[in-house]
Each structure stands twice: as structure tokens, then as C-alpha cells.
Amino acid sequence: MSDLLFARSQMALSLAFHIIFAAIGIGLPVLMVLAEGMYLRTRRPVYLELAKRWSRGSAILFAVGAVSGTVLSFELGLLWPSFMAKAGGIIGMPFSLEGFAFFTEAIFLGVFLFGWNKLPPLWHWLSGVLVAVGGISSGIFVVTANAWMNAPTGFKIVGGKMTDVDPIAAMLNPASMHEVLHMTLAALIATGFAVAAVHAFLLLHDRRNQFHRTALGLALILACVCTPIQIWSGDLSARTVARIQPAKLAALEADYRTQTGAPILLGGIPNDDARTVRYAIPIPHGLSFLSTHDFNAKVVGLEEFPRSDWPNVRLVHWSFQLMVFCGLILLALSIYAGWFWWKHRSLPDRTWFLRGIVAAGPLSFLAIELGWFVTELGRQPWIVYGVMRTEEAVTPMRWLVVPFTIFTIVYLFLAFMVVYLLCREFLKTAPAELQRSVT
Amino acid sequence: MLAFVVSIFLLAALIFYVTAGGADFGGGVWDLLAIGPRATQQRAAITKAIGPIWEADHVWLILVVVILFTAFPIAFGAMMTALHIPITLMLIGIILRGAGFIFRKYDSKASEVQRRWSALFGAASFFTPLVQGVTLGALSSEEIRVVDGKVTTGFFAGWLTPFACVSGLLVLTVCAFLAATYLTADPAGEPEVRNDFRRRAIWSGSILPAIVLLLLLAAQNGAPQFVQRMASWPAMAVGIGIAAFTVVALVSLTMRRFAIARAAAIAEVTLILIGWGWAQYPNLITPDVTIQNSSAPAATLRLLLIALIIGAIVLFPSLAFLYYIFKDKGSRPVKAGPE
């Protein structure tokens, strides 16, 4: 493997690792605030216990998220120094704002986690709200920076240098809106399903446990409300990408030829040399409809772009379709849960459904990872779409296999420990007095 | 002018990082060095003191980095290239410190498990400020050369020099001294444990001036421009200030006037960093990369400055609130919470 590939692998590894904790850092405060808010309204102790349990879990996750985020902010320069030297003045802005947002989150998280007995209840809840606001806004700012890499605006290029810089215009680039929406919802959904999965798993063994029933209910509300909106936002994303990054859309759909009334290809093995996709199931006119909402629209294929500008079609196509597939499963579960609640006014607790929710936890995080593969791999070979190639940005540092190996080992160790400690924390049953205190 | 103002903010963020986040590393150093009959109590006091605040304190470093790459992107690119190795080491230290600390708290309380995480937390807390100091020192060493934004001196220049090594030692000692002084000032602490930290603060505080002098000595050969800047009257004034606050800190530690000692220690360290900033000015990487020749466009600097001011207005009351709850209200009895 070349040093460029090791640099990309190290960045991908760090992002793939961090994004899990970042998503939880956005979603879990929302759940904690919901639970504590319910406690303040109803005074049922089960809600307070839930808020405390979740906040214990969040302490571990946030610590790992904070350190892995630090690593990333340095890796931008360690691995891509030329990119940062040129673009730092443009995308530094959202990162600076993110710095403050994250600061707010960290400060009030300290207050929230350690202040249960030191603050009046309402103040404690408000500090939780600030954690959630800080988490959501830091996510928004970071995604804005990524959106700029996909749709660079707010500067001119004169003699190879970026001039006439307008950082605000850069933040409000055409990709920001749909990326921010999609990622924020994804974080809420994934956290919702992950928490729901833990409690659904425990309910499978102890169906009448009120503690876990309440927890599952709260988590499902968050996940199931956001999922249909996410499907809509995914449609918005697809149409925006079709407009501003046609080569990326073509790779997502493994669409080699420019055609009107283009079919959508389910699955299949794309072959770049033959420019065909074998074993795919075509749905006539599907792609034209999805990318423009017009069944007969013309969709630009990869053939319009030089081969050197193509991303890795196979990986991008498979990641994209698998992500959509995960999303549709989550949507089905959400619709069923909504229908069940509407019909029976009670928590859906059929065994198959609880098993489905247990699977939905990992599936929703898988969808997040796949979505990032799509947006990052789909942007290649560019680090700044159409402006700077990834190979121009990489550090001249050699032996990148060494840091890559070290970080891989460190992240594996962290992942193992986090899972182990969370299991210790959450697979304990709830305090007996809470199990039947709510009916 | 804009670039200069932003660089002041950058130095300020660095000062906050060292006096807050640095002290958390120092806590880890004393955790590693916890000995004697009260070692367990010492560790408990450290855990209690840094538990609620270390993540917020750590964000100062993120702020330093984002200000650096937003306002001085060319300098950032060059630093991350030339100092790739020590910075990677620092990152690993940061990960392991955080992980060791949080895992120790949530893992089994069995003594061999606790000992393992303590060792990780302590060793990483010892190692990280050391490499951070080495990295800062390398910037003044004049060995890292940059032409047209590209580093021409490879990946080993600067950070293996005696000057950089002494810088590392200085930062480590600063962290340890601050931590011991802060721990002494915790009104809820057990008197005997506080006394342990008092002695540690006096030791480390006494070594500190010696290391500062050693640094100046190493700078004679290792960082000539740095020395030149030190030979001016503002630098002299800072030097006298450092000496004065060192004496105040040590005397008040001896006399058990802990609040004064804490304030004096913070002032001393702040002045050391201001002195460093003065000696380094206007260079970011001496001698090729300066504040002026590596800065972002004015539009970015202006916007960043506005963000920094608004951010500071939000940040400082929030931080004051955090510290108020856990430091000054810490003496009140607390029921067993979820922590």
C-alpha cells in the first residue's frame, strides 16, 4: 500500500471511530433531557433513574468522543497539511465555531453529570438542555466543513491560491443544508435505536419490567419520529447531489451511461472497464425519478467524466445501497411502532418486534458509517471537489504504516473497553423498587 | 494588526490550556507518583478534583488548534509536517490519559484492575505534557526551515535538540506544580492529604525556577533569536515578575496560605508563557514562519475575531459556573450521586 492509501485509511479509521461517539454525543443528551423533563413533569422516579443511568453511560462515551475528536482536529494537518495550509482560512471558521459549541457541551456536561445534588432540579435540567444544544450545534458546524469539501464556494482561485475568501458563503455552501439535516437526524435516530436496542434486549428476558418499558418507549419516540423525516431528507440529498456532484451520483447508482428515463439498479457488480453492472435488478425510470422527480429526466453517467475523476464505483455503489436498505428496515420498524401505538395505545412488545429493535441498534450505526463511506469515497479523487486532489494534499511524511497501525490498535482497544464497560453498566437490572412502581 | 490581535487570543487560549488542562495532566503525574501510606487517598483526591472538569479543560487545546489553523493555516501545515512524530505521540498520550482515567472510574474496583488503569492514566499524564513541551520548544529551535510553505528540513529537525528537551521538562514541571498547588487548595480535602500535596507543591515549585534558568542556558546555543528577544526590558520585567510570584507561591505554601499560593502559581505560570510568547514573537516557527507571512485572509481573521469575542462572552460565565459548583461548593456534604 502507498503512503497516500495509509493516510486515507488512517483518516477513515479515525472518522469511522469518532463518528459513533459524535452521533451519541448529539443524540444521548436529547434523551437524557427528555427523561429528566418527564421526571420534572410527572415526578415518577423511574424517569429520574433513567436520566441517571443514561448519563452514567454518556460519561464514558463522551470522554472517548472528546479525545478521538482531538485526534481528528490534529490529523487534518498531520495527514493533509497542504489542504489545511490552503483551505484552513476558509473551513477553519466552522471548526472554530464548533470549538465553542463543543466547549459549551463539555462544560455543561460536567455540570449535568456531577451536579445532581448540587443544583436545583430545573437548573440541572437546563444545563442538560445546553449540553444537547452544544452537541447538536457542534455537529452542524463540523458537517458544514465537510459540505464545503463537497461543494466548495466562497473563494476565487488566482494563480493556484484561494483568494477573495468569504467564510460565511463557504459555510452556506449548496451541500450544507442537506448534509447537516441528514447527519443530525442520523445521529438522533442511531442513538434512539441503540438505546432502544439495549432496553429491548433486556425486555426480551423480562417482559413486564416497567423500567425498561419506559426506557424503550422514550427511545422509540425519538427514533421513530425522526426516521420518516430522514427518508425525506435522504431524497433531498440525492437530488442535491445529482445537481452539484453528478459524478458522485453516477457512482452511487453505478450509472455509467448518460440516459433519459434511467433505471435504478439494485445490487449488482459494477465493472469499470466494461462499463456495465452485472447481476443487478433494474427498476425502469427509477433513477431519473429519484434524482429529479421526473420519470423521463436525463441523468448524467460516469462516461461524461474522465476515468481519472471517477471514485471507486463498487465501494460507493454498495455502501449507498446498503445504507438505503438499512434505512428502509428502520422505516418499516418505525411505521409498525407508530401503527401499534395508534391502535393499542401501548408499547409494541411483540417478540419479533423487540428482536427487530435489537438489530436496529447496530443497523442504524451501520447506516451512519455507510453514509460516510458514500460521501467521503464518493468525493474522491478530490479532497476539495473539483479544486484539489487528495494526492496533492497528503503529507510528505513517509512510513505512514506506523501511525496507521498504532492508531488501529489503540482504537480497537478503546472500542473493546467501551463495549465491555457499557455492558457492565447496562446489563445490570434496574433497582427492584422501580421495576413495578409504574403501571 | 488583525493577525497580531488573533495571535494574542491564541496565546491566551494556550495559557488557559496550560493553567487548566495542564494541571489535569499534573494531577495524573501525582497519581503516578502517589506513594506512602496515603497513596489511595491521594489518588481519590486527584480523581475527585479533575473528574468534573478535565473534559472542559481539555477543550482549550482544541481551541488552540482551531485558532491556529483558521488564522495561520500555513504555519499549521508546516508545524504538522515537521513535527508529525512528536504530535502523533502527544495524541496517543491524550487518548490514553483520557481512556485510563475514565476506564479506571467505571471498571471493576478490584485492586489489580484499578492499579492497571492508574498506571496507564499516570504514565500518559506524565508523557503527554513532556512531548507538548518538546513540540513547543522545537518551534523556537531555528532548525525547522520552511520555504514557500513547504518544510525542507524533514521530520526530525528541532524536536530532538537539548532546548526542546528542556522545554518538555519545563512544561511537565509546570503541570505538576500547578496540580499540587490546586490540590492543596481544596477545602474539602483531608488535612493530611492536603499536606502531602503541599510538600509536593513546594518541591516542584522550587525546581521550576532552576528549569527556567536551564532553558535559558540551553537557548544560548539552541535558540539564538529567542535569547535575543529575552535580553530586552519587557522580557526582564516579565522575568522579575516570574521570580516575585515564585517567591510568593513558595512562601504562602510554606505558611499554608493556600488560596494565595494558588493565585501566585497561576500568575507565575501565566508570566512564563507570556515571556515565551514575547521571546517567540513574531515567529510561529522561527525563523521562517511569522504571524504576518502565514496568516489567513483579513476576512477570515475579522470573522474569527468576532467569533472569539462572542465565544469568550459565553464561555467565561459558563466556566466560572462550572468551577463555582465544583470547587467552591465542593466543601458541602453531598449525598451519593450517580457519579
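Me: What span is expected for helix α1 (residues 3-42) of chain A, and what does the helix reach?
Reply: With 40 residues, α1(A) reaches 58 Å from its first C-alpha to its last, close to the 58 Å expected at 1.5 Å a residue. The expected span is 1.5 Å times one less than the number of residues. The helix itself is a DSSP run (H or I, at least four residues), numbered from the N terminus. This is a predicted model, in which local features need pLDDT of at least 70, side-chain atom pairs count only at pLDDT 80 or more, and totals for chains, interfaces and linings use all residues. Residues are numbered from 1 along each chain as its sequence is written, and chains are lettered from A and ligands numbered from 1 in the order in which they are written.

Me: Where does α1(A) bend?
Reply: At Ile19(A), by about 30 degrees. The bend is the angle between axes fitted to the seven residues ending there and the seven starting there.

Me: Why is α13(A) called roughly parallel to α5(B)?
Reply: Helix α13 (residues 401-426) of chain A and helix α5 (residues 84-106) of chain B pack at an angle of about 15 degrees, with their axes 11 Å apart. Angles under 35 degrees count as roughly parallel, so α13(A) is roughly parallel to α5(B).

Me: What makes the contact of α13(A) with α5(B), by class?
Reply: It has 11 nonpolar, 1 polar and 1 charged residues. Ala, Val, Leu, Ile, Met, Phe, Trp, Tyr, Cys and Pro count as nonpolar, Asp, Glu, Lys and Arg as charged, and the others, Gly among them, as polar. Contributors include Leu414(A) and Phe103(B); contact requires C-beta atoms, placed from the backbone, within 7 Å.

Methods:
Helices (H or I, at least four residues) and strands (E, at least two) are DSSP runs, numbered from the N terminus. Axes are lines fitted to C-alpha atoms, for helices over the stretch in contact, and angles run from 0 to 180 degrees between N-to-C directions. Angles under 35 degrees count as roughly parallel, over 145 as roughly antiparallel, 65 to 115 as roughly perpendicular and the rest as oblique. Two residues are in contact if their C-beta atoms, placed from the backbone, lie within 7 Å.
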